[in-house]
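Subject: Structure for you to look at

Hello,

Please find the structure below, followed by notes on what turned up in it. Keep it open while you read.

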Amino acid sequence: SGALLMTGVRSIATTAVAQSEAQVLATLAQTGVRATLTDLSRTGGDLASAVGTLCAQPDETTLAQAREAWRAAYLSWRRAEPFLFGPVKALGLERRIGVWPPNIQVLEGAVTSSDLAPLLRTADTRGYAATEFLLFVPSDARTATADRRCSHLIDASREIAELTARAPAVWEADYERRFLAAGDGEPFLTPGDALSLPIASALNVTERMLRDRIGPASGIFEGEPDLQWLDGRHSDSARAGLGASLEGLRLMLVEGETDIASLVATRDGV
């Protein structure tokens, strides 16, 4: 995926025509932010719905459906990461539903003991990581819905649905209009001020992917490999998750005729 991304950049660099920052902002808003946040919201809602169905009628079919809904929601989350800037960043989705790895010891204890239930309010017992553990580690539907597992699955998946539904709402409320009109005044005095946000987000996503996912899990930078840091390992989605992150970066940087890579390629004689 990385090689394909660079090939696309090189191709654009040799064929790009002059374009404006306003055109690039429009591409980012329409094919990037709006599309990925809408998908993030949809898959979050589908996950909550599938979990509700599993808990109402636990069997192998509804468990498989809930697991598939989790995979779709997780990949949407990874794909949307570069676009969580501006008011979407202010929602704090990363720290509320994107914490990895889950606190397995607390999860296993609290879903079997009501005395430990208050511990299930922390970020490392919620979000995508915790719901993955609860859905995929049990071997069958009966085990997956035993004790207090269902009540916490429902609670955590509803939180994912509610928070991800806010993302496109806050973007579309007024921020998208101001993003597209960058240079007309507050909050963006120039189009470059608006462009700096997605570029900084792309850099942060790349750093987190290397530092927090690939690095600790593989031991490539230091220490021994530790698979507990590998996102999506219980669902066999780690490779697909990395691919979705790269897809999000591709959407941001090299998607369409008016994009960031093309803009860079036509400036300063590059």
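Tyr-74, Arg-78, Arg-213, Leu-230, Asp-231, Ala-238, Gly-241 and Leu-242 line the largest cavity. A cavity here is a set of points on a 1 Å grid over the protein atoms alone where a 1.4 Å probe fits but cannot get out, and lining residues have an atom within 4 Å of a point. Two or more of these lining residues come from helix 3 (60-80), and likewise from helix 11. With three residues, helix 11 gives the most to the lining. Helices are DSSP runs (H or I, at least four residues; strands are E, at least two), numbered from the N terminus.

Before going on, note that this is a predicted model, in which local features need pLDDT of at least 70, side-chain atom pairs count only at pLDDT 80 or more, and totals for chains, interfaces and linings use all residues. Residues are numbered from 1 along each chain as its sequence is written, and side-chain values use heavy atoms, with hydrogens and water left out.

The largest cavity holds about 40 Å³ of space, and a search of the whole structure finds one cavity of 30 Å³ or more. A volume is the space filled by probe spheres set on the grid points, which are joined across faces, edges and corners. By class, the lining of the largest cavity has four nonpolar residues, one polar and three charged. Nonpolar covers Ala, Val, Leu, Ile, Met, Phe, Trp, Tyr, Cys and Pro; charged covers Asp, Glu, Lys and Arg; the others, Gly among them, are polar.

One of the lining residues is Asp-231, found in the loop between helix 10 and helix 11. Is Asp-231 buried or exposed? Asp-231 counts as buried because its relative accessibility is 5%; buried means under 20% relative accessible area, exposed over 50%, and partly exposed in between (1.4 Å probe, protein chains only). Not counting residues up to four places away in sequence, Asp-231 touches Tyr-74, Arg-78, Trp-100, Arg-213 and Ala-238; contact means heavy atoms within 4.5 Å. The side chains of Asp-231 and Arg-213 are joined by a polar contact of 3.4 Å. A polar contact is a pair of N or O atoms within 3.5 Å; within protein, one must be able to donate a hydrogen and the other to accept it, and residues adjacent in sequence count only if both atoms are side-chain atoms.

The pockets

A pocket, unlike a cavity, is an open set of points with protein on both sides within 12 Å along at least five of seven lines. The largest pocket has about 290 Å³ of space. Its lining is made of 15 residues, with Leu-84, Lys-89, Ser-201, Asn-204 and Arg-208 nearest the centre. Helix 10 gives the most to this lining, six residues. Seven of the lining residues are nonpolar, four polar and four charged.

The second largest pocket has a volume of about 190 Å³. Among the residues that line it are Arg-78, Arg-208, Arg-213 and Asp-231. Helix 10 supplies the largest share, three residues.

In soluble globular proteins, nonpolar side chains tend to be buried together. The largest nonpolar core here has 62 residues, and Leu-37, Leu-93, Tyr-128, Leu-135, Trp-171 and Phe-179 touch the most other members. The largest share of this core, 12 residues, comes from helix 2 (residues 21-56). A nonpolar core is a set of buried Ala, Val, Leu, Ile, Met, Phe, Trp, Tyr and Cys residues joined through side-chain atoms within 4.5 Å.

Backbone and a buried arginine

Most residues other than glycine have a negative phi, and most peptide bonds are trans. Trp-100 and Pro-101 are joined by a cis peptide bond, with omega about -5°. Asp-147 has a positive phi, near 55°, and Asp-236 has one of about 60°. Asp-147 is exposed at 60% relative accessibility, as is Asp-236 with a relative accessible area of 76%.

Arg-126 lies in the loop between helix 6 (104-110) and helix 7 (127-136) and counts as buried because its relative accessibility is 2%. Its side chain makes a polar contact of 2.9 Å with the side chain of Asp-155.

Regards
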